[in-house]
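Open the model in your viewer and keep the sequence panel beside it. The stops below say what to select and what sits there.

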Amino acid sequence: MSIVTEKIDNGKLKMNFFRFGKGPETLAIIPGMSVQSVMPAADQIAAAYSSFTEDFTVYVFDRRLDMPPVYSVKDMAEDTAQVFMELGLSDVYIFGASQGGMIALEIATEHPELIKKIAVGSTSSNLRNYSSALFDEWIQMAENRDVRGLYLSFGEKLYPRAVFEKFKDTLIASADTVTDEELRRFIICSKGMKGFDISGQLDKIECPILVIGVYEDEVLDSDMTMEMAEHLDAKEDFELYLYKGFGHAAYDTAPDYVERLYRFYMK
């Protein structure tokens with residue numbers, strides 16, 4: 001499969017992305033927050049979404065390269081929307097996971113003309129009343145350069161125990177490659193979620209929406225998914241699904257996750 005890696009540099013922002021597939025429709029994937037860039041994972045993501053490639057051209061967007069010291073989720077969404085417009089993308093099918101889901105929701109509310117369908121997974125529309133102890137712990141680890149501790153905490157919270165144990169050594173090896181600049185960006189992105197609350201704006205979403213949660217989510221728990229569902233429940237083209245047993249990163253671990261997205265988009 002051919003994967004094309006590109007960079008937007010328009011004088012206002014710089015952002016890396018990659019694309020694959022040859023379909024007439026456009027799918028934009030906005031991944032969750034991570035310490036390191038999504039770009040090296042292009043082969044794995046393309047393989048996971050190989051079923052999309054006949055019907056979609058798939059774009060996967062990183063966060064901006066020239067990241068300012070204060071960078072909110074709303075800022076991230078506006079930058080990503082601007083890149084959509086720079087690339088001439090419209091009628092976009094969008095999927096956002098975790099923090100990427102927050103970004104996708106912002107785009108769908110502020111730029112509904114760009115989005116045809118939206119799916120979000122393991123995310124929340126409101127962090128104002130959320131205890132940020134876990135995020136604060138991760139930020140502290142990053143500030144202290146306890147990168148192994150950070151990666152192991154990530155693994156324990158994102159994945160089921162068996163998956164974590166299987167990839168524990170890989171996580172440690174990855175931690176040893178992290179740079180100071182990557183930690184700086186991670187801290188900025190983590191702090192950018194504080195106070196996030198778009199729940200009162202969800203009625204501005206004009207397109208069909210699928211919300212996927214996980215009962216045992218230890219990062220953004222299922223109560224957050226249900227709170228979002230309450231705000232969307234009156235919307236006729238709203239769908240909700242909750243996984244059991246796959247952890248926060250069900251988008252990586254549930255074997256039917258990509259197929260579920262595909263069925264929703266192709267309705």
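Helices (H or I, at least four residues) and strands (E, at least two) are DSSP runs, numbered from the N terminus. This is a predicted model: local features need pLDDT of at least 70, side-chain atom pairs count only at pLDDT 80 or more, and totals for chains, interfaces and linings use all residues. Residues are numbered from 1 along each chain as its sequence is written, and side-chain values use heavy atoms, with hydrogens and water left out.

**Stop 1: a helix residue.** Select S153. Helix α5, residues 147-158, contains S153. S153 is buried at 8% relative accessible area (buried means under 20%, exposed over 50%, partly exposed in between; 1.4 Å probe, protein chains only). Show the contacts of S153, leaving out residues up to four places away in sequence: L134, E137, W138 and M141 (contact means heavy atoms within 4.5 Å).

**Stop 2: the sheet.** Select the strands. Eight of them form an open, mixed sheet, ordered β1-β2-β4-β3-β5-β6-β7-β8 (two strands pair if DSSP finds at least two bridges between them).

Zoom in on β2 (residues 14-20) and β4 (residues 56-64). They run antiparallel, joined by five bridges. F18 stands opposite V60 in β4. Next, pick helix α8 (residues 222-232). Helix α8 lies across β7 (209-214) and β8, at about 165° to β8.

**Stop 3: charged pairs.** The whole structure has 21 salt bridges (a side-chain nitrogen of Lys or Arg within 4 Å of a carboxyl oxygen of Asp or Glu). Select E216 and K244, whose side chains meet at 3.9 Å, N to O. E216 is in the loop between β7 and α8, K244 in the loop between β8 and α9 (250-253), 28 residues apart. E216 is partly exposed at 31%; K244 is exposed at 63%.

Move to K267 and E239, a salt bridge at 2.7 Å, N to O. K267 follows α10 (257-266) and E239 sits in β8, so the pair ties together parts 28 residues apart in sequence. K267 is exposed at 66%, and E239 partly exposed at 29%.

Finish with K74, E106, E110 and K204, linked in a network of salt bridges.

Note on methods
Axes are lines fitted to C-alpha atoms, for helices over the stretch in contact, and angles run from 0 to 180 degrees between N-to-C directions.
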